[in-house]
Amino acid sequence: DAGVIQSPRHEVTEMGQEVTLRCKPISGHNSLFWYRQTMMRGLELLIYFNNNVPIDDSGMPEDRFSAKMPNASFSTLKIQPSEPRDSAVYFCASSLGVGRALNEQFFGPGTRLTVL
Amino acid sequence: DQQVKQNSPSLSVQEGRISILNCDYTNSMFDYFLWYKKYPAEGPTFLISISSIKDKNEDGRFTVFLNKSAKHLSLHIVPSQPGDSAVYFCAASGATSGSARQLTFGSGTQLTVLP
């Protein structure tokens, strides 16, 4: 298995532009999580899906952020319009969601976003 | 309010010696704890976990200890190797509605193992 796949790996954009981050979870995993890592706040959960349905988006910073999961193998995190303070590494993770594996999440390599 | 705290941002240890990374939590509803390791430019990778019904879990050179009364857990690495140099995140999980479980992460500890 290729693991969790994220694209792009690096994104540099200008303030005000729309940014779309993409994630392909591990096949068979039914839970998907979006995290943001910054020096100030560490690794914080933005939103997670279970069986493609958003369960908790309380971590989404503001309305400029939105996430979708149209099917079990794809999710997007969109920022519109982007701001310099959105600069961070964004991670996607997935988990099997049953039994003991319920707790273990597998992370993608992350997308490093820089908003100028 | 940080529910999972790693108070040491960095730790340096000599190769072959023991590394002890600490983590404290405040939420008594947490019942499962995990350690993740992260190398630069990579995502965190799962290392070891422990359920709240246990006080110790061992996997090779890695052992996690849980002290529920103190709301404290620690990760022991023996012997430490230069390849263990990474950021270590403590994470905790508790019962939530639905089948998905959220992880709450600590801020991480940078471990450097000196050759």
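Which residues touch the most other members of the largest nonpolar core? In this predicted model, where local features need pLDDT of at least 70, side-chain atom pairs count only at pLDDT 80 or more, and totals for chains, interfaces and linings use all residues, they are B:F33, B:W35, B:L73, B:L75 and B:Y88, out of 23 residues in that core. Residues are numbered from 1 along each chain as its sequence is written, chains are lettered from A and ligands numbered from 1 in the order in which they are written, and side-chain values use heavy atoms, with hydrogens and water left out.

**Nonpolar cores**
- A nonpolar core is a set of buried (under 20% relative accessible area, 1.4 Å probe, protein chains only) Ala, Val, Leu, Ile, Met, Phe, Trp, Tyr and Cys residues joined through side-chain atoms within 4.5 Å.

**Interface of chain A and chain B**
- The contact takes 20 residues from chain A and 20 residues from chain B, and the two chains bury about 1800 Å² between them, 53% of it on carbon and sulfur atoms; buried area is the accessible area (1.4 Å probe) that two parts lose on being put together, summed over both.
- Across this interface the rule finds zero salt bridges, a salt bridge being a side-chain nitrogen of Lys or Arg within 4 Å of a carboxyl oxygen of Asp or Glu.

Conventions. Buried means under 20% relative accessible area, exposed over 50%, partly exposed in between (1.4 Å probe, protein chains only). Contact means heavy atoms within 4.5 Å.
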